[in-house]
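Trainee: I would like to go through the labels on this model. Can we test each one against its definition?

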Amino acid sequence: MKQFISVHDVNNISALVEKALEYKVNPFKDKLLGQNKRIGCLFLNPSMRTRLSTQIAAQNLGMEAIVFNVGSEGWALEFEEEAIMSGNKVEHVKDAAPIMGKYFDVLAIRTFPSLKNREDDYSELFINQFIKYAGIPIVSLESATLHPLQSFTDVITITETFKEKRKPKIVLTWAPHVKSLPQCVANSFSQWINAWDKADFVITHPEDYELDQKFTKGATITHNQDEALKDADYVYVKNWSTYTDYGKIYNNDPEWMLTNQKLTITNNAKVMHCLPVRRNVELSDEILDGPNSLVVQEASNRVWAAQAVLSEILNPHPLKGS
Ligand code: CP
């Protein structure tokens with residue numbers, strides 16, 4: 001694997017899931033694979049799970065992980081080509097990225113979208129500039145439009161918990177929130193579940209919250225949450241802001257928050273969320289603290305997802321395609 005930016009960098013999702021689950025059973029089986037290698041983890045934005053799980057994953061493979069909080073501790077980076085840097089941006093990515101490429105063997109980066117200009121955000125300028133100038137493999141720790149390590153984790157979690165010999169019904173439901181949030185997790189989950197192609201996939205959200213069809217194509221989409229939830233095996237809960245009239249909050253109806261009453265429509269569905277979550281706004285206490293919640297198992301699986309991806313990047317013998 002040359003980079004990990006989206007599901008398109010994975011040639012066999014199921015094999016990568018199996019690899020991650022093997023690491024869950026035996027975390028140190030490849031403890032020499034990353035010996036004398038170093039990963040730089042660059043954070044332009046806050047994180048808890050991604051930051052810690054990536055460091056643990058790297059250390060399990062014998063790699064040294066160095067975290068750099070660029071957003072709060074580094075020089076402000078300019079990403080635009082031919083920028084006249086007379087504002088508050090101090091260093092161009094063209095100068096910074098090649099240096100990081102000399103310091104590290106792998107560079108992992110977290111950025112967020114501005115949510116102000118859709119074309120800019122969806123061009124993925126930040127991560128693409130690192131790919132262009134760093135000269136080493138780049139791993140997305142969440143970009144402007146996608147969160148591939150989270151979505152890979154979600155597929156791992158569904159695989160390890162679904163034991164029936166049929167396709168699970170997976171529902172991605174929009175939920176209310178107090179802030180305008182990126183579409184990354186919803187885009188990425190849709191992209192991975194569609195590419196995995198082992199589930200009946202339904203997306204439900206209020207009118208005006210349509211996601212980019214590039215990611216959702218293949219899923220059934222409905223504005224009727226109750227209809228979507230019927231017989232669901234998994235309900236993935238996530239807020240996102242509007243895509244069409246970009247980055248806005250329109251309808252924020254609290255009725256869209258998942259409750260135990262709503263779960264009665266489902267097939268005793270397991271409930272997932274990437275976290276962090278606003279309790280009793282986005283998801284109710286009774287679900288998060290109840291037996292249907294998978295959120296802790298899901299977050300703990302972030303280690304094995306990151307470890308499988310880093311292993312593939314380090315490994316001279318990659319997994320074969322399906
Ligand atoms: N799910 C997730 O990415 O969590 P963090 O923002 O804490 O990394």
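Mentor: We will take the labels one by one, and the model is a predicted one.

Trainee: How do you know that the size of the chain agrees with a compact globule?

Mentor: Set the value against the rule. For 322 residues, a compact globule would have a radius of gyration near 20 Å, and the chain has 20 Å, so the two agree. The C-alpha atoms fill a box of roughly 55 × 50 × 35 Å along the principal axes. Buried residues make up 56% of the chain.

Trainee: What makes D231 partly exposed?

Mentor: Exposed needs over 50%, buried needs under 20%, and partly exposed lies in between. D231 has 44% relative accessibility, so D231 counts as partly exposed. D231 is in the loop between helix 10 (225–229) and strand 10.

Trainee: How many aromatic pairs are there?

Mentor: The count comes to twelve. One of them is Y122 with Y246, at 6.1 Å centre to centre and 80° between the planes.

Trainee: What parts of the chain does the pair link?

Mentor: Distant ones: Y122 is in helix 5 (residues 118–122), and Y246 is in the loop between strand 10 (234–238) and helix 11 (260–263). The two are 124 residues apart. Both Y122 and Y246 are buried.

Trainee: What makes F189 and F201 edge-to-face?

Mentor: The same test applies. Their centres are 5.9 Å apart and their planes 75° apart, so the pair passes the 6.5 Å limit and the 60 degree cut-off. F189 lies in helix 8 (residues 184–196) and F201 in strand 8 (residues 200–204). Both are buried.

Trainee: Which peptide bond is cis?

Mentor: The bond that joins L275 and P276, with omega about 0°. P276 lies in the loop between strand 11 (270–272) and helix 12 (285–288).

Methods. Residues are numbered from 1 along each chain as its sequence is written. This is a predicted model: local features need pLDDT of at least 70, side-chain atom pairs count only at pLDDT 80 or more; totals for chains, interfaces and linings use all residues. Side-chain values use heavy atoms; hydrogens and water are left out. The radius of gyration is taken over C-alpha atoms; the globule rule is 2.2 Å times the number of residues to the power 0.38. Buried means under 20% relative accessible area, exposed over 50%, partly exposed in between (1.4 Å probe, protein chains only). Rings of Phe, Tyr and Trp (its six-membered ring) pair if their centres lie within 6.5 Å; planes under 30 degrees apart count as stacked, over 60 as edge-to-face and the rest as tilted. Helices (H or I, at least four residues) and strands (E, at least two) are DSSP runs, numbered from the N terminus.
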